[in-house]
Amino acid sequence: MPFNIVRNDITKMNVDAIVNAANTELQMGGGVCGAIFKAAGAGELKAACDKLAPIQTGAAVITPGFQLPAKHIIHTAGPVYKDGRHGEAELLRACYMNSLELAAQHGCEFIAFPLISSGIYGYPKEEALHVATTAIHDYLASHDMDIYLIVFDKVAFSISKKLLGSVESYIDQHYVDEHLDTHRRRNLLDVERSELFTDEILSEVISAPDMAAPSMASGPPDIVRNLDEPFAQTLLRLIDAKGKTDAEVYKLANIDRRLFSKIRSGKGYMPSKRTIIALAIALELTLSETEDLLKRAGFALSRSQKADVIIEYFLVNRKYDIFEINEVLFHYDQPLLGG
């Protein structure tokens with residue numbers, strides 16, 4: 001998976017490079033920086049850093065990983081947050097982009113970041129996360145690399161309260177516990193569906209046939225034709241129908257290029273459910289189109305699975321940013337999309 005959010009200790013990541021949220025003097029500090037110095041061997045790392053210091057805010061330099069599992073440490077100096085009107089966002093973005101460029105120059109394929117400047121430097125966590133994911137998304141659009149955003153605990157991770165509130169409301173109305181019997185579950189969903197969509201959303205959903213629950217009477221959407229068509233063939237036809245290139249699709253789906261090649265070959269390889277959903281997100285499929293694509297691989301969305309309800313929320317509301325979806329899935333401790 002090209003981009004993944006992981007709850008872990010960054011000093012234990014077995015990658016080509018980890019990123020240190022450093023100060024401009026490259027001295028051992030607290031938080032992530034202090035932990036990295038201690039794990040790498042403070043004496044050796046300090047000697048290496050002293051040869052490179054000082055650096056400018058937003059710049060990045062590289063040292064060996066010494067005693068860390070990672071081969072390299074990339075040190076970048078994040079901005080101290082004042083009020084958001086002193087170029088903080090640009091400097092923070094530069095930290096990510098310069099670190100990634102430096103990693104590429106040293107042949108690194110796997111790199112792990114902390115959420116830079118979100119600790120003692122005071123950058124609001126939600127805004128810091130937005131800068132991080134946007135920068136990483138932009139970089140991956142034209143480069144192949146596996147990037148991890150390491151979160152030690154949920155205190156260090158924050159997503160939009162407005163988005164989270166909308167998702168929580170949707171889950172409350174649609175998530176069905178496994179213990180409910182089938183009859184009761186069906187009645188509950190009918191009531192929920194009638195109450196969910198109000199005002200503009202209600203009229204849009206009722207009038208749009210591709211958003212309705214699929215039925216044998218109405219038939220499948222036009223984009224879905226031969227029910228016996230193999231999954232890979234259906235996928236390729238959808239890519240052509242949407243006017244996208246293969247590269248656009250696997251990058252938007254957060255899927256590794258090699259995995260996509262296996263899927264494209266059509267030689268009996270069947271991707272996982274979360275990979276298929278990621279492809280549906282990349283192709284901006286409707287809910288019914290996504291359900292059809294899943295059926296061709298023997299999968300289905302379920303109201304008894306919280307991850308599926310979250311994904312349904314994004315499909316129904318036509319929100320196709322897979323990084324944003326994965327942030328919400330991570331918040332709920334659900335598997336992320338991609339492959």
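## Terms and model

Two residues are in contact when heavy atoms lie within 4.5 Å of each other. Helices (H or I, at least four residues) and strands (E, at least two) are DSSP runs, numbered from the N terminus.

This is a predicted model, in which local features need pLDDT of at least 70 and side-chain atom pairs count only at pLDDT 80 or more, while totals for chains, interfaces and linings use all residues. Residues are numbered from 1 along each chain as its sequence is written, and side-chain values use heavy atoms, with hydrogens and water left out.

## Overall make-up

The protein has 14 helices and six strands. Of its 339 residues, 47% are buried; buried means under 20% relative accessible area, exposed over 50%, and partly exposed in between (1.4 Å probe, protein chains only).

The accessible surface is about 16200 Å², and carbon and sulfur atoms account for 52% of that surface. Such areas come from the Shrake-Rupley method with a 1.4 Å probe; for residues, only the protein chains shown count as cover. Among contacts between residues at least 6 apart in sequence, 69% link residues at least 24 apart.

## Nonpolar cores

In soluble globular proteins, nonpolar side chains tend to be buried together. A nonpolar core is a set of buried Ala, Val, Leu, Ile, Met, Phe, Trp, Tyr and Cys residues joined through side-chain atoms within 4.5 Å.

The largest nonpolar core here has 81 residues, and Ile74, Ile111, Phe113, Ile147, Val167, Leu279 and Leu337 have the most contacts inside it. A second, separate core has 22 residues, including Ala22, Leu26, Leu68 and Ala77. Leaving aside residues up to four places away in sequence, Ile111 touches several residues, among them Val15, Ile74, Leu100, Met145 and Tyr148.

## Helix H8 and its neighbours

Helix H8 covers residues 231-241, and its buried residues are Phe231, Ala232, Thr234, Leu235, Arg237, Leu238 and Ile239. These buried residues pack against four helices: H9 (246-252), H10 (257-265), H11 (273-282) and H12 (287-295). After H8 comes Gly243, which has a positive phi near 70 degrees.

Two packed helices are described by the angle between their axes and the distance between the axes. Axes are lines fitted to C-alpha atoms, for helices over the stretch in contact, and angles run from 0 to 180 degrees between N-to-C directions. The axes of H8 and H10 come within 7 Å and cross at roughly 110 degrees. H8 is therefore roughly perpendicular to H10; angles of 65 to 115 degrees count as roughly perpendicular, under 35 as roughly parallel, over 145 as roughly antiparallel, and the rest as oblique. On the H8 side, Phe231, Ala232, Leu235, Leu236 and Ile239 meet Phe260, Ile263 and Arg264 of H10.

## Salt bridges

A salt bridge is a side-chain nitrogen of Lys or Arg within 4 Å of a carboxyl oxygen of Asp or Glu. The whole structure has 13 salt bridges. One of them joins the side chains of Asp9 and Lys12, at 3.6 Å from N to O. Asp9 is partly exposed, at 24% relative accessible area, and Lys12 is exposed, at 58%.

Lys46 and Asp50 form another, with their closest N and O atoms 2.9 Å apart. Both residues belong to helix H2 (residues 42-50) and are four residues apart, about one turn of the helix. Lys46 is partly exposed at 38%, as is Asp50 at 37%. Glu312 and Arg303 also form a salt bridge, with 2.5 Å between the closest N and O atoms, and both of these residues are buried.
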